[in-house]
Amino acid sequence: MATARRLVVFGGSGFVGSAICSSAVARGWSVISLTRRGEPYATQSGFVPAWVDKVDWRKGTPFDSTAYADLLPTSDAVVSTLGTLLENSYKEKGAVSPLGVAQGVLGNLLGDKGNPLRKGAKERSYEHLNRDAALAAFRAFAASAPSSPGALPSPFLFISAEDIFRPFIDSRYISTKREAENIIFSESLSPELARKIRPIFVRPSLIYHPHKNPFSTLPATVLSASSRVQSLLPSTLRVSSFFPQTPGLPPITSSMASLLTIPPIHVDTIGEAVCMAIEDESVRGVMGVKEMRGLVGYDDPYDLEGRETKGFAAGSSV
């Protein structure tokens with residue numbers, strides 16, 4: 001039987017966060033969710049799953065450590081799911097709006113970056129949500145993690161992303177996530193934190209669920225077919241062979257090749273993989289789609305050779 005753990009999830013009522021909370025509750029873990037409003041998870045139709053009653057829903061953000069500082073010293077792991085795909089208001093009642101996404105994508109392609117002085121612009125910015133929120137959560141957890149001899153490093157998981165959305169989405173979406181990864185990884189190597197924190201960077205591709213996010217079903221179906229076709233081609237004919245990945249942020253063509261090559265991932269697969277990564281002390285660094293599918297035991301029909309993520313464990317950079 002798996003050891004009971006105490007897990008803190010920033011953004012536990014969101015699309016990915018709720019899947020992580022559900023998987024953790026199924027393991028008998030104690031789960032605390034911190035969100036801006038502190039409201040329990042519910043589907044778009046208002047349905048409240050049974051597991052919701054087993055989560056401690058609290059109000060708080062990574063930027064206000066007074067809301068959660070007392071929770072961290074006794075927590076075994078922390079997950080930050082916070083982030084934004086677009087800087088416009090592309091959600092309605094917490095759910096992705098197809099019209100909002102379309103407006104954001106069109107604005108980006110036309111070079112409209114919006115008004116940085118508009119009300120709430122900073123709070124919705126990539127820098128604030130994709131980078132700074134993760135750094136604040138990581139640093140607070142690192143400061144509270146025990147340093148007793150023989151103690152195992154405590155997992156800190158950052159829900160990052162595969163680089164698959166450029167040029168449709170502003171490049172700052174992925175660059176700010178990579179900045180957060182690099183800073184967290186660099187700080188975790190310090191003599192003070194190397195034995196205290198085990199950083200894991202979760203990089204999903206297009207995330208889908210036919211019921212929780214119906215809008216994701218069609219693109220997921222198309223991209224699954226594309227990935228399957230690519231896996232059947234000789235390696236020299238795959239799009240990835242024409243646009244190889246490079247250190248740092250690769251060209252846009254590489255991002256588009258990844259979109260066509262890396263299969264979408266079900267949100268529940270992410271939730272299960274995150275919990276398994278917390279349990280498995282050997283998991284650290286980058287955990288891409290291939291690693292997640294392998295971790296949960298998929299008999300994977302997709303050959304992701306050539307698009308394999310590079311892990312931090314060997315000292316490589318993004």
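Contact, as the word is used here, means heavy atoms within 4.5 Å. The structure is a predicted model, in which local features need pLDDT of at least 70 and side-chain atom pairs count only at pLDDT 80 or more, while totals for chains, interfaces and linings use all residues. Residues are numbered from 1 along each chain as its sequence is written, and side-chain values use heavy atoms, with hydrogens and water left out. The protein chain holds nine helices and 11 strands, where helices (H or I, at least four residues) and strands (E, at least two) are DSSP runs numbered from the N terminus.

**The chain as a whole**

- Of the 318 residues in the protein chain, 49% are buried, a word that stands for under 20% relative accessible area, with exposed meaning over 50% and partly exposed lying in between (1.4 Å probe, protein chains only).
- The accessible surface of the protein chain comes to about 15,000 Å², and 58% of it belongs to carbon and sulfur atoms; such areas come from the Shrake-Rupley method with a 1.4 Å probe, and for residues only the protein chains shown count as cover.
- Among contacts in the protein chain between residues at least 6 apart in sequence, 73% join residues at least 24 apart.

**The seven-stranded sheet**

- Seven strands form an open sheet in the order β3-β2-β1-β4-β7-β8-β11, with parallel pairing, and two strands are said to pair if DSSP finds at least two bridges between them.
- The edges are taken by β3 and β11 (285–287), each of which has a single partner strand, so one side of each is left without a neighbour in the sheet.
- On average, neighbouring strands of this sheet are turned by 20 degrees against each other, direction ignored; axes are lines fitted to C-alpha atoms, for helices over the stretch in contact, and angles run from 0 to 180 degrees between N-to-C directions.
- Helix α1 lies across β1, β2 (30–35), β3, β4 and β7, and runs at about 170 degrees to β1.
- Helix α3 (residues 126–144) lies across β1, β4, β7 and β8, and its direction is at about 175 degrees to β7.

- The parallel strands β7 and β8 are joined by six bridges, and F158 stands opposite F201 in β8.
- Three bridges join β8 to β11, which also run parallel, and here I200 stands opposite G285 in β11.

- In soluble globular proteins, nonpolar side chains tend to be buried together.
- The largest nonpolar core has 33 residues, and L7, V202 and V274 are those with the most contacts inside it; a nonpolar core is a set of buried Ala, Val, Leu, Ile, Met, Phe, Trp, Tyr and Cys residues joined through side-chain atoms within 4.5 Å.
- At least two residues of this core are supplied by each of β1 (6–10), α1 (15–26), β3 (55–59), β4 (77–80), β7 (154–159), β8 (197–202) and α8, and the largest share, seven residues, comes from α8.
- Apart from this core lies another, of 24 residues, among them I32, Y68, F141 and I184.
- Helix α8 (residues 267–279) has 13 residues and reaches 19 Å from its first C-alpha to its last, close to the 18 Å expected at 1.5 Å a residue, where the expected span is 1.5 Å times one less than the number of residues.
- Buried residues of α8 include V267, I270, V274 and I278.
- Leaving aside neighbours within four places in sequence, V202 is in contact with residues including L157, I159, I270, V274 and M287.

**Individual buried residues**

- K177 has its place in helix α4 (residues 172–188) and, at 4% relative accessibility, counts as buried.
- Neighbours within four places in sequence aside, K177 is in contact with N130, F158, I159, S160 and A161.
- Q230 lies in helix α5 (residues 217–232) and is buried, with a relative accessible area of 10%; not counting residues up to four places away in sequence, Q230 touches R238, V239, L260 and T261.
- I262 is placed in the loop between α7 (252–261) and β10 (265–266), and at 4% relative accessibility I262 counts as buried.
- Although I262 and S205 are 57 residues apart in sequence, they are 6.9 Å apart in space, C-alpha to C-alpha.
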